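I opened my notebook to look at how two chains sit against each other. Here is what I looked up, entry by entry.

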Protein chains: 2
Amino acid sequence: MQEKVLEQYLHENIPITQSMEVYVEHVSLLKVILAAPISKNINHKKTVFGGSLHSMTTLACWSLIYVNLKGLIESSEIVITHSDIQYLAPVSTDFTATCERPDEVAWQRFMQGLKLKGKARIELRARIYQKDKLAVDFLGTFAALKV
Amino acid sequence: MQEKVLEQYLHENIPITQSMEVYVEHVSLLKVILAAPISKNINHKKTVFGGSLHSMTTLACWSLIYVNLKGLIESSEIVITHSDIQYLAPVSTDFTATCERPDEVAWQRFMQGLKLKGKARIELRARIYQKDKLAVDFLGTFAALKV
């Protein structure tokens with residue numbers, strides 16, 4: 001899937017991503033990197049609002065599953081069921097959120113569950129760095145359902 | 001503090017709240033209720049985007065601390081350091097997020113820490129109901145700092 005195709009999907013289906021000016025910096029089956037400017041996501045301290053940081057990591061993980069399932073499974077729903085996020089340092093610039101596919105064992109368990117039982121869950125991690133420092137560490141549980 | 005005063009503060013300082021059309025339904029020292037329409041926060045499944053649900057609960061908790069500290073402490077910073085959120089059911093209508101002040105022991109420990117040491121942390125819970133059913137259960141840790 002091309003960056004612009006995923007970006008358009010997000011903007012059309014989750015319109016708040018337009019207001020946040022989310023764009024897709026990289027997409028492959030192994031990794032999704034989303035980016036956004038601080039200007040649209042700023043808070044009272046002139047750093048990025050914690051809610052926007054959470055939205056970006058959620059979207060990166062959701063998108064990684066979406067691009068992997070698209071084409072493979074005719075129609076599926078992907079929803080977040082839980083997340084835990086640590087805000088380790090403020091983000092004071094434009095920023096990216098990166099989600100990489102987890103180890104193959106976890107991934108294959110997820111895919112097999114989905115194929116055999118029609119539903120499966122997976123934990124995905126996404127991170128936001130500020131220069132070389134980890135600023136946001138997000139762990140989300142996502143459920144996929146064949147529909 | 002009046003509802004409109006808090007609402008204006010949020011809209012001016014965290015501009016994404018304007019795009020989300022967040023408004024303040026109730027504010028007191030004991031409780032904050034924020035509301036938003038689904039239309040601006042919708043996702044691909046025609047339910048409310050998980051990122052917006054997280055933003056709303058974060059803002060409700062942040063606001064509760066803000067209205068309590070305003071006036072009491074000359075100048076302070078309030079930031080979120082961690083959150084854990086459970087998405088128990090989809091939200092498919094306009095919605096509210098409610099944060100209530102926790103028990104007095106926890107609250108006084110927080111206020112004393114802030115007065116004596118200039119910094120303190122507190123865990124706050126916020127919830128979003130769908131009709132009478134708990135749909136979103138959020139637990140956040142917030143740090144306040146006298147500046």
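Which residue forms a salt bridge with Glu77(B)? I checked this pair before anything else, keeping in mind that the model is predicted. The partner is Lys45(A), and the closest N and O atoms are 3.6 Å apart. Glu77(B) belongs to strand β3 of chain B, while Lys45(A) sits in the loop between β2 (31–36) and α3 of chain A, so this pair joins two chains. I reminded myself that side chains of opposite charge can pair when their charged atoms come close.

Entry on the other salt bridges. I then looked up Glu77(A), and it forms a salt bridge with Lys45(B), again with 3.6 Å between the closest N and O atoms. Over all chains, the search of the whole structure gives 12.

Entry on polar contacts. Between chain A and chain B I noted eight residue pairs in polar contact. Next I asked which elements of chain A give two or more residues to the side that touches chain B. My list reads α1 (3–13), α2 (16–19), α3 (50–69) and β3 (76–87) of chain A. The largest share comes from β3(A), with 11 residues. I also sorted that side of chain A by class: 14 nonpolar, 16 polar and four charged residues.

Entry on the size of the contact. I wrote down 34 residues from chain A and 34 residues from chain B. The size of an interface is often given as the accessible area lost when the parts come together, so I looked that up too. Chain A and chain B bury about 2,600 Å² between them, and 63% of that is on carbon and sulfur atoms. In chain A, the residues that lose the most area to chain B are Ile16(A), His44(A) and Phe49(A), which together make up 23% of what that side buries.

Entry on the strands. I went back to β3(A) and found five bridges joining it to strand β3 (residues 76–87) of chain B, with the two running antiparallel. As one example, I traced Gln86(A) to its bridge partner in β3(B), which is His82(B).

Conventions:
Residues numbered from 1 in each chain as written. Chains lettered and ligands numbered in written order. Predicted model: local features only at pLDDT ≥ 70, side-chain atom pairs only at ≥ 80, totals over all residues. Heavy atoms only, no water. Contact = heavy atoms within 4.5 Å. Buried area = accessible area lost by both parts, 1.4 Å probe. Salt bridge = Lys/Arg side-chain N within 4 Å of Asp/Glu carboxyl O. Polar contact = N/O pair within 3.5 Å; in protein donor to acceptor, adjacent residues only side chain to side chain. Helix = DSSP H or I, 4+ residues; strand = E, 2+ residues; numbered from the N terminus. Nonpolar A, V, L, I, M, F, W, Y, C, P; charged D, E, K, R; others polar. Pairing = 2+ DSSP bridges.
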